[in-house]
Amino acid sequence: MLWIMRFSGFFSAAMVMIVLSPSLQSFPPAEAIRSSHLDSYLRLPSYQVSTSPHSLVDRFSFRKSSEFRNADECGFTDHKITGVCDPSLVHVAITLDVEYLRGSIAAVNSILQHSLCPENVFFHFLVSETNLETLVRSTFPQLKFRVYYFDPDIVRNLISSSVRQALEQPLNYARNYIADLLEPCVRRVIYLDSDLVVVDDISKLWSTNLSSRTIGAPEYCHANFTKYFTGSFWSDERFSGTFKGRKPCYFNTGVMVIDLVKWRRVGYTKRIERWMEIQKSCRIYELGSLPPFLLVFGGRVAPIEHRWNQHGLGGDNVRGSCRDLHPGPVSLLHWSGSGKPWLRLDSKRPCPLDALWAPYDLYGHSH
């Protein structure tokens, strides 16, 4: 709790208590499971493996994380099914890339620190660069994880220009293909962006009741939903008619609980791709990977408490200005927008709430 006092000048003590109300006790995770038998669809292409001394791993240095272990309440199970198919696991998917690598590592660290049963959390890392597995293992020696290669060419021709260049990166669209990338035995997954930290037990989010829905996410029905699509979209009944009989609300795709069984059965990846194809010819939206999810799932989302996505802390998509927390309790802090906490901290121009991200940062130095 000492770090709270160090940054108390940034915000009131009352705000700190709201943000950090979940227990800060943490426990070390269990033995890692290696991603040694991915099928041919997921295997890293050999020509992309770099042997250069200036490879991606050499460009970054992260401190080794603290050890974590399950609390006594987690119990001990002796499943005949082991590895990624173990039914007792909580599955979390997150991307790893050079630009956001520091954020991804901090996100993992925060999840482990606040999980009552961190040994039961299995991470699925989606990558378009190689050699990142070594970096993850050296930072989290006991972490349960696998690395999945996402081929940028799968989606490159479907991506249209956006209001911010970062939203045009192919890996930003890997979430569309999670059901294909992950093993069939993985029936549910939590997808998380790389610019967030979790300050509560991730198993609470995992236990979300999706009912008949395929995805769950915090919804924001007060937001102006029309602004996420162009005038030509709303004026054309062929497009706007997709929401007929639905009451769509905005939701942020950086925090989602996904029923992969239903996703695979219905084939939602193809539906998302179809809207991306329409966008290439008709320009029906301006904002990256979000609108296709709104088109497919808007009005069909299992609502999750807002505490699980206190988003917008990175400001807007242009200036990245400082933002305050939304009213209410907090379980997850999300720096969506153009302002990222690690960049603002390094520039010596942080926003007050960036102090809540800093304790999870394991970054050392670059070579």
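Colleague: Before we start, what does buried mean here?
Modeller: Buried means under 20% relative accessible area, exposed means over 50%, and partly exposed is in between, using a 1.4 Å probe and protein chains only. Strands (E, at least two residues) and helices (H or I, at least four) are DSSP runs, numbered from the N terminus.

Colleague: And what kind of model is it?
Modeller: This is a predicted model: local features need pLDDT of at least 70, side-chain atom pairs count only at pLDDT 80 or more, and totals for chains, interfaces and linings use all residues. Residues are numbered from 1 along each chain as its sequence is written, and side-chain values use heavy atoms, with hydrogens and water left out.

Colleague: OK, strand E1. Which way do its residues point?
Modeller: Val90, Val92, Ile94 and Leu96 point one way. His91, Ala93 and Thr95 point the other way. All of them are buried.

Colleague: Why is E1 largely enclosed?
Modeller: Seven of its seven residues are buried, so the rest of the structure largely encloses E1.

Colleague: Which sheet order do we have?
Modeller: The order is E3-E2-E1-E4-E9-E6-E10, in an open sheet of seven strands with mixed pairing. Two strands pair if DSSP finds at least two bridges between them.

Colleague: Which strands stand at the edges?
Modeller: Those are E3 (144-149) and E10 (302-303). Each has a single partner strand, so one side of each has no neighbour in the sheet.

Colleague: How many bridges join E1 and E2?
Modeller: Seven, and the two strands are parallel. Thr95 has Leu126 in E2 as its bridge partner. On E4, Ile190 stands opposite Val92. E1 and E4 also run parallel, joined by two bridges.

Colleague: What about E6 and E9, parallel or antiparallel?
Modeller: Antiparallel, over two bridges. Ile215 stands opposite Ile258 in E9.

Colleague: What does Phe297 touch?
Modeller: Among them are Thr214, Ile215, Arg246, Phe251 and Trp263, leaving out residues up to four places away in sequence. Contact means heavy atoms within 4.5 Å.
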